[in-house]
Amino acid sequence: MSTQIPASQTSAPRQLGSLDRYFHITARGSSIGREVRGGLATFFAMSYIIVLNPLIIGASADSTGNFLGGGSEPNLPAVAAATSLISGLMTILMGVIGKFPMAVSSSLGLSAFITYGIVVLPGMTWADAMGLVVIEGVILLVLVLTGFRSAIFNAVPGALKIAISVGIGLFIALIGMVNAGFIQNNGSTGLELGVGGSLYGWPIFIFLIAMFALFAMWAAKVRGAILYSIVGATVLAITLESVFRIGPQTAADGTENPYGWGLTVPTLNQDWLTMPDLSLIGDFNLLGSWQSIGVVAATLAIFTLLLANFFDLLGTMVGVSNAGGIKDADGEIPHSRRIMVADAVGTIGGGVGSTSVNSGFIESTVGVGDGARTGLANVVTGVLFLATIVLAPLAAVIPTEAASATLVLVGFLMMQQIVRIDWTDVEMAIPAFMTIVVMPFSYSITNGIGAGFISYVAIKVFRGKWREVHPLMYVTAALFVLYFVSGPIQEALGVG
């Protein structure tokens, strides 16, 4: 009896041809429709970066009193245009080279570190700081090309890789709730529900509607549920804003409204076509930091950027891969070296474009949750980013409250992998636990990975099983120890 391959499995390659073969669309169980939908979902989930990144790196002056771009006043449109351009180009590069559905944009954590930890050092300028980013990206690229970065990735025990993914799930669920105002920091007792422990205001209502509608559609296996929830919630938000004039949490005159929109006010009153200001491209000083703050301080800054960027990508790769089941026959992430090369180039591009460190975005799991499995989804996301260079108001229409619900769902999906950890093996369970809890509690993927790595090595050594630990795990654990105490080291050296 002969075995015939169903027509549904043979027609797609003939129809899609080279596009299918290049991106492995059919091989990964996807389709062009799913990739486009996933790319759209990823863009909507992370489009806030076009608004938020300028507010972080564009609204703060360096030690000389100048803002990004060298002026005495903030130039947020220029930062937004550069963010759109670099994000679009680097996301497409990741899709074409890495063939992986992981969008690339400015790392908010590292943007904050550069803003509040580097450019404030006496003598440091924004151009000098972006030069440091370029140097860090070049070093990262060298580590990838020499195989060192891949070797570290392969040295990590499987249980810790799963723990990283679960921890990221909790982390991004928390990010979604905080961004929506569902969970807030009251400044005295810490986190609380809504405002004063109560849920009040139309923006939180939008978040709740989007979240429960998404849960219901997902349970009913509605294809495109994530995209539908974002679009539907945005339409509802625009309607409510036009009727009730809710406004932002902080008005232009400084008036506070705790029940307003957190970041983006959903309104169609926009100048939809604007000429982009790309004056920030190339505005970096490669070696200026060495003269401004000295070799030791510059080296420590690069080391901190390098280590954080290094393991943020590792965590994001694992999270995206596990969320979509994107693995080869050996259980490894396909084209991992290409992914790392594209990520390193993205970091260099971020420095050249003055948009901070650019790296893989964990919000890509939103697109993966909606079907994305290949780099074609990245091309869709990247093209949309490029479109926002001249259509910046498009991204500004989507309120954070509408997009944040998707992060909660993705957090749930990633949390499901926790059953794959053997919790009876205490030597692995404790490091896994530390990895999972430290990520959301410290609001950092890197901190969680570091806590897990150090715990794993310490337990193995204490129990006399040091031979079971890969040599690179010793190296990375030691580097994480230095990373966690970098503050006191800088103070002791007089460079903090």
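Trainee: How does the lining of the largest pocket divide by class, into nonpolar, polar and charged residues?

Mentor: Keep in mind that this is a predicted model. The lining of the largest pocket has 22 nonpolar, 18 polar and two charged residues.

Trainee: And what volume does the largest pocket have?

Mentor: The largest pocket holds about 1,200 Å³ of space. Its lining counts 42 residues, and the closest to the centre are Leu108, Gly109, Phe171, Ile175 and Tyr443.

Trainee: Which elements supply at least two residues each to that lining?

Mentor: On the helix side you have α4 (49-57), α6, α9 (158-179), α13, α20 and α21. The strands β2 (183-185) and β4 (358-360) supply at least two residues each as well.

Trainee: OK, let's take α6 and α13 from that list. At what angle do their axes cross?

Mentor: Roughly 165°, and the axes of α6 (residues 108-118) and α13 (residues 295-324) come within 11 Å. Angles over 145 degrees count as roughly antiparallel, so α6 and α13 are roughly antiparallel to each other. Their crossing is right-handed.

Trainee: Which residues make the contact?

Mentor: From α6, Leu110, Phe113, Ile114 and Ile118; from α13, Ala301, Thr304, Leu305, Ala308 and Asn309. That contact divides into seven nonpolar and two polar residues, with no charged ones.

Trainee: Now α20 and α21. What angle do they pack at?

Mentor: About 125°, with the axes of α20 (residues 445-462) and α21 (residues 471-484) 9 Å apart. That makes α20 oblique to α21. The crossing of α20 with α21 is left-handed.

Trainee: Which residues of α20 and α21 meet there?

Mentor: Among them are Ile449, Phe453, Ile454 and Val457 in α20, along with Met473, Ala477, Phe480 and Phe484 in α21. By class, the contact of α20 with α21 has 14 nonpolar, four polar and no charged residues.

Trainee: What about α19 and α20, how far apart are their axes?

Mentor: The axes of α19 (residues 426-442) and α20 are 7 Å apart, and the two helices pack at about 160°. That makes α19 roughly antiparallel to α20. α19 passes α20 in a right-handed crossing.

Trainee: How many charged residues are in that contact?

Mentor: Two, next to eleven nonpolar and six polar ones. The residues that meet include Glu427, Met434 and Val438 of α19, and Gly448, Gly452 and Lys460 of α20.

Trainee: Switching to cavities: how many of 30 Å³ or more does a search of the whole structure find?

Mentor: Four. The largest cavity has about 90 Å³ of space. Its lining has 13 residues, with Phe44, Ala45, Tyr48, Thr400 and Ala403 the closest to its centre.

Trainee: Which element gives the most to the lining of the largest cavity?

Mentor: α18 does, with four residues. α3 (32-46) and α18 (400-415) are the elements that give two or more. The lining of the largest cavity has eight nonpolar, five polar and no charged residues.

Trainee: And what is the volume of the second largest cavity?

Mentor: About 50 Å³. Its lining includes Ala180, Gln184, Tyr200, Pro258 and Glu401. By class, the lining of the second largest cavity has six nonpolar, five polar and one charged residues.

Technical notes
Residues are numbered from 1 along each chain as its sequence is written. This is a predicted model: local features need pLDDT of at least 70, side-chain atom pairs count only at pLDDT 80 or more; totals for chains, interfaces and linings use all residues. Side-chain values use heavy atoms; hydrogens and water are left out. On a 1 Å grid over the protein atoms alone, a cavity is a set of points where a 1.4 Å probe fits but cannot get out, and a pocket is an open set with protein on both sides within 12 Å along at least five of seven lines; lining residues have an atom within 4 Å of a point. Grid points are joined across faces, edges and corners, and a volume is the space filled by probe spheres set on the points. Ala, Val, Leu, Ile, Met, Phe, Trp, Tyr, Cys and Pro count as nonpolar, Asp, Glu, Lys and Arg as charged, and the others, Gly among them, as polar. Axes are lines fitted to C-alpha atoms, for helices over the stretch in contact, and angles run from 0 to 180 degrees between N-to-C directions. Angles under 35 degrees count as roughly parallel, over 145 as roughly antiparallel, 65 to 115 as roughly perpendicular and the rest as oblique. A crossing is left-handed if the near helix is turned anticlockwise from the far one by less than a right angle, and right-handed if clockwise. Contact means heavy atoms within 4.5 Å.
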